[in-house]
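User: I have a model open and would like to understand how it is put together. Could we go through it step by step?
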Amino acid sequence: MIIKPARLRMGDTVGVIAPASPPNQENLKRSFAFLEKELGLKIKLGQSLFEQYGYLAGPNENRLKDLHMMFADKEVKAIICAGGGYGTARIADDIDYKMIAENPKVFWGYSDITFLHTAIRQQTGLVTFHGPMLASDIGSVQEDQTSSKTFMKQIMEPEGRVYPKTLGNLETIVSGVAEGDIVGGNLCLLTSTIGTAFEIDTKDKIILIEDVHEEPRSIDRMLNQLYMAGKLQQAAGFVIGNFKNCKPEREQSLSLDEVLDYYFKLIGKPAVKGFMIGHCTPHFSLPLGVPAKLNAETQDLTIEHGVL
């Protein structure tokens, strides 16, 4: 069952949390102007935003408390992650998924947040949103208007989305048409779900993958693990997003394109690469867990709306 959250309206309150690593504080402060002035939203801040425990934004129990608090708070209509990094898988086992299902609302982020997207969707049916985050993207001096506009449209307008092919060069690896719920996110995090209670369900799904700072051999290793686990073969099709700085660091290496082409041609399901989704600018945002259609022949991606 798919549960869509209510769309945001001007004057609504959004909760901001850091469920993974500590956010850049200067970027975070800059992002508040976007929420308050451009979107007309109010802000409620989680304590984890200002904590640091090594590479984590505070101990597990504090980051978990923020997540629970924002979902339980009736005033908060959406939860937006400040950034990624690492740490969401550490709290996944202890999340109160029943409480989340009873309090559906917009949940937004990407990168390490992929683990929470997968866990929350598969445990509750809630549609979540993959898109630029506050400190790592929106508040960055490099942020662009395209990313911000798609951010607004996804959570404030209950309309379907068509990926704008003008964002970059798309390339078809395998032709055909695929239909199914779109799921996925960061490749590293999807791979890390294998063997856990939150193992990614790919059956008849359109799978989105993206990553950052991984050599082609690392991408190869992760795709091979998903392939050996049968996850890639079960999918309906593939939306291959941006792989930022995923270049060889040694002379003897396959290229990223050679790795991607090998696996997706081997599988033989509709696959298109080059989508500006992930650690990139501009960054197209989209809901996860809703029906989508990928026409790999025309390179068209159509996605159902994610809010009511």
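**The open sheet**

Analyst: This is a predicted model. In it, 8 strands make up an open sheet with mixed pairing, in the order E6-E14-E13-E8-E9-E10-E11-E7.

User: Which are the edge strands?

Analyst: They are strand E6 (161-162) and strand E7 (171-174), each of which pairs on one side only.

User: And how many bridges join strand E8 to strand E13?

Analyst: There are 5 bridges between strand E8 (residues 177-186) and strand E13 (residues 291-295), and the two strands run antiparallel.

User: Which residue stands opposite lysine 293 in E13?

Analyst: Glutamate 179 stands opposite lysine 293.

User: Let us turn to the whole chain. How many helices and strands are there?

Analyst: The protein chain has 11 helices and 14 strands. Its radius of gyration is 18 Å, close to the 19 Å given by the globule rule for 308 residues, so the chain is as compact as a globular protein of that length.

User: What does the C-alpha trace span along its principal axes?

Analyst: The C-alpha trace spans about 50 × 40 × 40 Å.

User: What percentage of the residues count as buried?

Analyst: Of the 308 residues, 59% count as buried. The accessible surface of the chain comes to about 12,700 Å², and 48% of that surface belongs to carbon and sulfur atoms.

User: What about contacts along the chain?

Analyst: Among contacts with a separation of 6 or more, 81% are between residues 24 or more positions apart.

User: Last topic: how far apart are the mean positions of the positive and negative charges?

Analyst: The mean positions of the 32 positive and 38 negative charges are 4 Å apart.

Notes
Residues numbered from 1 in each chain as written. Predicted model: local features only at pLDDT ≥ 70, side-chain atom pairs only at ≥ 80, totals over all residues. Heavy atoms only, no water. Helix = DSSP H or I, 4+ residues; strand = E, 2+ residues; numbered from the N terminus. Rg over C-alpha atoms; globule rule 2.2 N^0.38 Å. Buried < 20%, exposed > 50% of the residue type's maximum accessible area, 1.4 Å probe, protein only. Contact = heavy atoms within 4.5 Å. Areas by Shrake-Rupley, 256 points an atom, 1.4 Å probe, with all protein chains shown as cover. Lys, Arg positive; Asp, Glu negative; His and termini not counted. Charge placed at Lys NZ, Arg CZ, Asp CG, Glu CD. Pairing = 2+ DSSP bridges.
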